[in-house]
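My entries follow in the order in which I made them.

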Amino acid sequence: MTDGTESSESRRSKGRLGRMAAAVTGRVVETIDPDTVIDHVDIDQLLDRIDADRFLDKVDINRLLDRVDVNRLIDRVGVDALLDRVDVNQLLDRVDIDRLMDRVDMNRLLARVDVDVVLQNVDLEAAVRRAGVPEIVAESTGRVAGSALDLARRQIVGLDVVVDRIINRILRRDPGEQPMGPAALVAEHAP
Amino acid sequence: MSHSDAWHAVPRLRVTGHYAGVVSRAASAALDVAIILGSFTAGLAGLDLLSRMVFGASLARDEAGVLSTVALALWAFLYVYLSMAIAGRTLGKGIVGLRVVAADGSTLSGRRALIRTLCLPLSALPAGAGFVGIIVQREHRALHDLLAGTAVVYDWGGRVAELPGPLSDFLARKAGAEYSSRPPADG
């Protein structure tokens, strides 16, 4: 009987204390500046006490990512400002071009290139003109035409000589005594 | 002996400046006649078309053909004389590779070109007897060449006039003294 009376008194006392503590805590929290409290907290010590692995084990990454609105995130990123801060030259200095090229599969790359589309943007006529192709074609065409003409001329000159030798034989003239051409021209073109 | 050695063993005889023979002369004359007649016919047809369009009268009404003959003779004279005076060769001679020069080899003057052109009919009129000189005369000069003091020689412009290789080889062996021989510059 006595134990029962003591326990009910004890519960009443705890209830009163609890209400007092709540009232006091409420007053204290309302009164104290949070920054003052935070200033007293040693963040490093707090972080040292946190078991990061255990914390991460509790995080469901997939669920977290599902909640991230990527488009909204990208919209908030100032790409131009970001790019302005990138030093392209410094970036390129750090790139090992040879190593990069070794990793490029040229055949696969070329297979993906639509040559027709590329050529549509190329002024082939100007490129051909710059390369001097018309001059080369004209020169080679002229050379071929000249060679063909010379071939025909040689045949005609050959016939001249044959006819000349026949006439000399008929007229009993010594071919060696026949004048070859006007003296000035023969001397000019002599070997 | 390799193939290339055998190829270069037959140098072509050079004939630039030598008197042109009868075949060359005949070929160039045939080309000139074709050019004169072709250009005259085309020109006359064009003028006739123009005359009919502008004046309503055809040039083909020349029944006796006197005017056409005179016009053809005039056109032939102008073609031969002007070509000769300006370039020393007609178009036909240029294609075959011939040039008309003074008998001593100097450049043809306008006066000689005029005399040669005027004397050309003299070679043709007595049944072409004046042209026989091209065959039998030592310098292959026709009557009009002798009268004008001219000669016709091989001249291929910037290139060297040559004989075919096999014929050059034959001449070099049989009658080398008749033609000078020198390997081509390009080997």
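**Entry 1: Asp96(A)**

I looked up Asp96(A) and found it partly exposed, because its relative accessibility is 43%; the term covers the range between buried, under 20% relative accessible area, and exposed, over 50%, with a 1.4 Å probe and protein chains only. Asp96(A) sits in the loop that lies between helix H8 (88-93) and helix H9 (97-103) of chain A. Helices here are DSSP runs of H or I with at least four residues, strands are runs of E with at least two, and both are numbered from the N terminus. I also took a distance: 34 Å separates the C-alpha atoms of Asp96(A) and Asp123(A), which are 27 residues apart along the chain.

**Entry 2: ground rules**

I noted that this is a predicted model, in which local features need pLDDT of at least 70 and side-chain atom pairs count only at pLDDT 80 or more, while totals for chains, interfaces and linings use all residues. Residues are numbered from 1 along each chain as its sequence is written, chains are lettered from A and ligands numbered from 1 in the order in which they are written, and side-chain values use heavy atoms, with hydrogens and water left out.

**Entry 3: Asp150(A)**

Is Asp150(A) buried or exposed? Asp150(A) is buried, because its relative accessible area is 8%. I placed Asp150(A) in helix H13 (residues 133-170) of chain A. Leaving out neighbours within four places in sequence, I found Asp150(A) in contact (heavy atoms within 4.5 Å) with Trp156(B) and Arg159(B). The side chains of Asp150(A) and Arg159(B) are joined by a polar contact of 2.5 Å. That term means a pair of N or O atoms within 3.5 Å; within protein, one must be able to donate a hydrogen and the other to accept it, and residues adjacent in sequence count only if both atoms are side-chain atoms.

**Entry 4: chain B and its strands**

I counted 8 helices and 2 strands in chain B, and from the N terminus the elements read α-α-α-α-β-α-α-α-β-α. Of its 187 residues, 37% count as buried. Among chain B contacts between residues at least 6 apart in sequence, 74% join residues at least 24 apart.

Strand E1 (residues 98-102) of chain B runs antiparallel to E2(B), with 5 bridges between them; DSSP must find at least two bridges for strands to pair. Leu98(B) is opposite Tyr154(B), and Val100(B) is opposite Val152(B). I checked burial next. E1(B) is largely enclosed by the rest of the structure, because 5 of its 5 residues are buried. Strand E2 (residues 150-154) of chain B is also largely enclosed by the rest of the structure, since 5 of its 5 residues are buried. On E2(B), buried residues cover both faces, with Thr150(B), Val152(B) and Tyr154(B) on one side and Ala151(B) and Val153(B) on the other.

**Entry 5: Ser83(B)**

I found Ser83(B) in helix H3 of chain B. Ser83(B) counts as buried because its relative accessibility is 16%. Not counting residues up to four places away in sequence, Ser83(B) touches Leu78(B), Gly88(B), Arg89(B) and Thr90(B).

**Entry 6: the largest pocket**

I used a 1 Å grid over the protein atoms alone: a cavity is a set of points where a 1.4 Å probe fits but cannot get out, a pocket is an open set with protein on both sides within 12 Å along at least five of seven lines, and lining residues have an atom within 4 Å of a point. Points are joined across faces, edges and corners, and volume is the space filled by probe spheres set on them.

The largest pocket has a volume of about 650 Å³. Its lining has 26 residues, with Ala29(B), Val33(B), Val80(B), Leu120(B) and Phe131(B) nearest the centre. Which element gives the most to this lining? H2(B) does, with 9 residues. The lining has 18 nonpolar, 4 polar and 4 charged residues; Ala, Val, Leu, Ile, Met, Phe, Trp, Tyr, Cys and Pro count as nonpolar, Asp, Glu, Lys and Arg as charged, and the others, Gly among them, as polar.

**Entry 7: cavities**

I searched the whole structure and found 2 cavities of 30 Å³ or more. The second largest cavity holds about 40 Å³ of space. H13(A) supplies the largest share of its lining, 4 residues.
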